[in-house]
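Please examine the sequence and the structure shown below before reading on.

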Amino acid sequence: MIYADNAATTRMSKTAIAAMLPFLDEIYGNPSSLYSAGQKAKEALEGARQTIARLIGALPNEILFTSGGSEGDNQAILSAAAIGKKQGKTHIISDTIEHHAVLHTLKKLEKEGFEVTYLPAHENGIVRPQELEDAIRDDTCLVTVMYANNEIGTIQPIRELGAICRSHGVLFHTDAVQAVGHIPVNVKDDNVDLLCASAHKFHGPKGVGFLYAKRGVRLQNLIEGGAQERGLRAGTENVGGIVAMAAALQEAVDGREENAKKLTALRDRLIEGLSEIEHSALNGDAEQRLPSNVSFCFEGIEGESLLLLLDDLGVSASSGSACTSGSLDPSHVLLAIGRIHDVAHGSLRLSLGEDATTADVDEIVRCTKQVVAHLRSFSPVWRDLCSGKGNFIL
Ligand SMILES: *Cc1c(COP(=O)(O)O)cnc(C)c1O
């Protein structure tokens, strides 16, 4: 099997598993307990906090452990909104290609009276700093723009966006779930106030992540209860998961440069191979994208069938489109970058892992060519396009 869906989740690394195991077995104390078994767990927890803080340029007490990216996005955005509301500021700026953890939280705030401006991501999938500058108002309390997109892999100019926010005194949050461990991230250099990440996107375990909040930015807790995490996130800590996350991040950062170089070459080979399929196009900027991400649209086919047939051939991929109970809506990201409905339906997202090989890439290209040709051979849409009843777009 070739697993090419690392943007959805990754396999835990051997290092992360080894780091986690003792905490599922002999070191099972509750970090809040005062006896030595508890204190051992507490030490490991605080060690993990220091490691993670160091790896992103933060201070240990600026790191809060969460259950993952969704929780981090919710807590960051709701906290910034609460700060804003106290000051009578209820305008938020985001963009059209955010993850649903951000978009749905913003929808909730809109219902509560906040106003949200969604910056366009343009055809290349990248937000323009000047458009952020122009959108900031006196009552803007938060800007939230993701570091890298989970569907089309585009990387936003975070440093520039952060500098603009800072010069206007507006809080800046970034969903860095696809970036942390994959591209350089440093909260100080990047001028961010709030940032969230998730362990299972960088070979750590599922159900654990962290939220960075710059000193002085007051977080609101989503979960009431005990005094864990300085009273900002109640509940007994996922010690093993947190320790494994720190180990996975250390490993990812140590290997980052080498992996990125290798992946970029494989990515570009994959893009080149898929470009040979007629009436197809790469989604998102060709340069400013994650080393692992390839996103394509193929005209005249339907992405879901493409995935199922690729799976039969041993390739795990994603369409990048949200398939919600019964209704097959095309991805909001592809629509936002200007793909029309029919074209957006024929999408394919491939996200390579660090262990991918040239042979894997060539096999993915071979399988995709075969499946696209097969699906087109009985697609009424394709027949119409070929007979001139419709116009090719790609
Ligand atoms: C995966 C992902 C999330 C959600 O993270 P979870 O840990 O699964 O909750 C949020 N944002 C982006 C960009 C993601 O890729």
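Predicted model: local features only at pLDDT ≥ 70, side-chain atom pairs only at ≥ 80, totals over all residues.

Residues are numbered from 1 along each chain as its sequence is written, and side-chain values use heavy atoms, with hydrogens and water left out. Helices (DSSP runs of H or I, at least four residues) and strands (runs of E, at least two) are numbered from the N terminus.

For S70, a polar side-chain atom lies 2.7 Å from an oxygen atom of the ligand. For D175, an N or O atom of the side chain is 2.7 Å from a nitrogen atom of the ligand. For H200, the distance from a polar side-chain atom to an oxygen atom of the ligand is 3.0 Å. On its own, the ligand has 380 Å² of accessible area, and the protein covers 86% of this; the areas come from the Shrake-Rupley method with a 1.4 Å probe.

The loop between β1 (2-3) and α1 (14-24) contains S13, and N6 lies in the loop between β1 and α1 as well. S13 counts as buried because its relative accessibility is 12%, and N6 is buried because its relative accessible area is 11%. Buried means under 20% relative accessible area, exposed means over 50%, and partly exposed lies in between (1.4 Å probe, protein chains only). Contact here means heavy atoms within 4.5 Å. Not counting residues up to four places away in sequence, S13 touches H203 and E251. With neighbours within four places left aside, N6 is in contact with H203, S351, L352 and G353.

H203 itself is found in the loop between β7 and β8. At 18% relative accessibility, H203 counts as buried. Although H203 is not a glycine, its phi is positive, at about 70 degrees. Most residues other than glycine have a negative phi. H279, which is not a glycine either, has a positive phi of about 50 degrees. This residue lies in the loop between α7 and β9 (280-282), and H279 is partly exposed, with a relative accessible area of 22%.

What forms the interior? In soluble globular proteins, nonpolar side chains tend to be buried together. The largest nonpolar core has 49 residues, and those with the most contacts inside it are I63, F65, L132, V180, L195 and F210. Two or more residues of this core come from each of α1, α2 (36-56), β2 (63-66), α5, α6 (158-168), β7 (194-198), β8 (209-213) and α7 (239-275). A second, separate core of 28 residues includes L266, I301, L307 and L310. Such a core is a set of buried Ala, Val, Leu, Ile, Met, Phe, Trp, Tyr and Cys residues joined through side-chain atoms within 4.5 Å.

Some single positions complete the account. D134 is found in helix α5 (residues 129-135), and D134 is exposed because its relative accessible area is 57%. The side chains of D134 and Q130 are joined by a polar contact of 2.9 Å; such a contact is a pair of N or O atoms within 3.5 Å, and within protein one must be able to donate a hydrogen and the other to accept it, while residues adjacent in sequence count only if both atoms are side-chain atoms. T90 lies in the loop between α3 and β3 (91-95) and, at 26% relative accessibility, counts as partly exposed. Between T90 and E287, 197 residues apart in sequence, the C-alpha to C-alpha distance is 36 Å.
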